[in-house]
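Welcome, and please get your viewer ready for a short walk. We will pick a few selections in turn and look at what each one shows.

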Amino acid sequence: MTKKQATKRKVKESKPTKEQASVSEQSDQEEDEDLLQAVKDPGEDSTDDEGIDQEYQSDSSEDLEFESDEEGNYLGRKDNNEEGSEEEEEEEKSDSDDDDDDASESSEIEEKPSSSKAAAAATNNKKGESKNVTTPITERDPSKVEYEDSDTSDEEDIRNTVGNIPMHWYDEYKHIGYDWDAKKIVKPPKGDQIDDFLRKIEDPNFWRTVKDPQTGQEVLLTDEDIALIKRVNSARIPNPEHNEYEPWIEWFTSEVEKMPIKNVPDHKRSFLPSVSEKKKVSRMVHALKMGWMKTTEEVEREKQQKRGPKFYMLWETDTSREHMRRIHDPVSAPKRDLPGHAESYNPPPEYLFDEKEAKLWLKLKDEPHKRKLHFMPQKFKSLREVPAYSRYLRERFLRCLDLYLCPRAKRVKLNIDAEYLIPKLPSPRDLQPFPTVESLVYRGHTDLVRSVSVEPKGEYMVSGSDDKTVKIWEIATGRCIRTIETDDVVRCVAWCPNAKLSIVAVATGSRLLLINPKVGDKLIIKKTDDLLAESPSLDVIENERIKAAVQWSNAEPDEQEKGVRVVITHFKPIRQVTWHGRGDYLATVMPEGANRSALIHQLSKRRSQIPFSKSKGLIQCVLFHPVKPCFFVATQHNIRIYDLAKQELIKKLLTNSKWISGMSIHPKGDNLLVSTYDKKMLWFDLDLSTKPYQTMRLHRNAVRSVAFHLRYPLFASGSDDQAVIVSHGMVYNDLLQNPLIVPLKKLQTHEKRDEFGVLDVNWHPVQPWVFSTGADCTIRLYT
């Protein structure tokens, strides 16, 4: 503790007189001015880039450290050596003995800065030791008035002189601003969360410590500061001594003076009417006449009218047109029918009902609209005997409905012939050739035939049935060449479209069989066997996800004799198999496989891939684009088209149907035909829109299969109503011309069994012939 602080404490405890207090204050002020002057005029500037380092040396080589509070007020001097501390204790003892020595001690303190200033200038080059000016946590003294001798705050000794700027500009620097001497103010050391936690536990004043954003130092709030903050937060007056209910001071008198303050005569223009006011009044009068401006009474009257119910006449009278003269071409109210003889009180006998007519009229009580008359004619001797009409209110109500529902505009009735509404289609004779009659019936299966596929050259076809057999047929003769038995129901068969290979893909249960049917050219048969005999070596290691979903293997010896060459085992039952146009890739569909429902297999490398990582829905069927590297995936409600090269979604077709059963693409690849279980066929123009170009409702039951012809502009559809409908579907090369769709022929020769009819349709690759399979265990050829 410095002498000054000890002196202040002693003076405060002994409660000095006013004269002693004034002497001590004057000595303190002089001491502060001398010390500040010594700090501002050091012997040598020893600043660096990191902050302010000042060196002060005295004659006795004592190290001095000056302390100041947050506002820059001088607090005292610290002696670092032990001798200084002993002298300080002796001085404190001497201070406590006599109060009269305060003035002499303060005068000694005033003399020391001047001598220390000279000593610092002399010894600054000899010693390099320095002490930083530190500002510890300070507490504001409420008894000290900061601006006691001044009425302005501009003279405040602000330590940081950066001005009113965002302090986060100094976040990346080691200093936080500059003092009055343009020296950098170094940021105080920052503790981590552990230090804050320990201070929170150990320091009882932690809750009242705040950080000054200008200097980065911590300030301890006094009780007066906390009380002021509480009053501000509670929306009270900050100064508790302020009385907000002080008596009113009447600065100006409220009494009316009898004599005016000024007695200036009025100007002449004050007696003349104002022209601008005259114009304004005339405009208001005109607005009142036109109804643009309304009086208060009129406004109130309109408000009352708006609050109540509104009643108005739809028609003034039934025949009058006086109020409608201004309206151009008005519509008159509908007139009532004139009364007839039956409505008279004394009708002729022929208009009265007999017993039969009366019974019939009473019988139609629940259906009054079927009666010829809405009343029963009665005969009275005189008009006086006629009672009140019981249906008066009912007829008045119906009359009001007639007036209310009367059209407000006249419409010219168009006389359109019914034949004009039917589109003009070409005659079926002009669209030949197309199948018209049933030529052959292929019998041999014992259960419903689910699928049929034709060889690329058109000589043979293959069929799969629920009797767990696959049959190879000769088309021209109808003879079954070979029957291959399987272990499960055959869901789908597909002949490889590549004419240089003789392979049939058969989906039976959870296995996909690649069969060599051994029909046709022997060289092609041998080439196919050589291709499927050896499995190529795979350089790429297959993913575990693919291995768990599908496995390739050669057929067993007993299956080799039947013609089976390769077996692809899946982890779920297979519903559909389809080939790519070149014959190297084929795709399978497993509806129960979730995100692995669709798989693509490559025959030459004997490897499989899963194109989708997420499930987009319950996949029903897939299809390859005939020209582009595109892949069509049909779920229950929508169809998605993917680009296999870019691996992205191209577009999504919206079918607006409940369940998709199958689809077929046009050989040119620009049009798609979709069949649904809700009796519809949808024609999509892929270049036009994502919605159907045309919806065809030609069948009376679920449509299970559709197919395009590869060469002719024909397509066929098979349904559960045992019908095969052949239609003409011409796609023009001109993109501006819409496709021509004409239904041609309905072929209905299949028999219905267990609510199933035609299950699959397929076209001959060369001839305009169509094959159909049904639930009646037959395959039929229409030519």
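Select His601 and Thr588 first: in this predicted model, their side chains are joined by a polar contact of 3.2 Å. Colour by secondary structure and you will find His601 within strand 20, which spans residues 598-602.

Is His601 buried or exposed? Its relative accessibility is 0%, so His601 counts as buried. To see what surrounds His601, show its contacts beyond four places in sequence, among them Leu512, Trp552, Asp584, Tyr585 and Arg607.

Next, centre on Leu512. This residue touches His601 and His570, and its other contacts include Val566, Ile568, Val577 and Leu586. Leu512 is also one of the residues with the most contacts inside the largest nonpolar core, along with Ile503, Leu514, Val577 and Trp579. That core has 24 residues. Elements that each supply at least two of its residues include strand 15 (511-515), helix 13 (544-549) and strand 17 (564-570).

Zoom in on strand 27 (residues 671-676) and strand 28 (residues 681-685), which pair over 5 bridges. Finish by picking Leu672, whose bridge partner in strand 28 is Phe684.

Terms used: Residues are numbered from 1 along each chain as its sequence is written. This is a predicted model: local features need pLDDT of at least 70, side-chain atom pairs count only at pLDDT 80 or more; totals for chains, interfaces and linings use all residues. Side-chain values use heavy atoms; hydrogens and water are left out. Helices (H or I, at least four residues) and strands (E, at least two) are DSSP runs, numbered from the N terminus. Buried means under 20% relative accessible area, exposed over 50%, partly exposed in between (1.4 Å probe, protein chains only). A polar contact is a pair of N or O atoms within 3.5 Å; within protein, one must be able to donate a hydrogen and the other to accept it, and residues adjacent in sequence count only if both atoms are side-chain atoms. Contact means heavy atoms within 4.5 Å. A nonpolar core is a set of buried Ala, Val, Leu, Ile, Met, Phe, Trp, Tyr and Cys residues joined through side-chain atoms within 4.5 Å. Two strands pair if DSSP finds at least two bridges between them.
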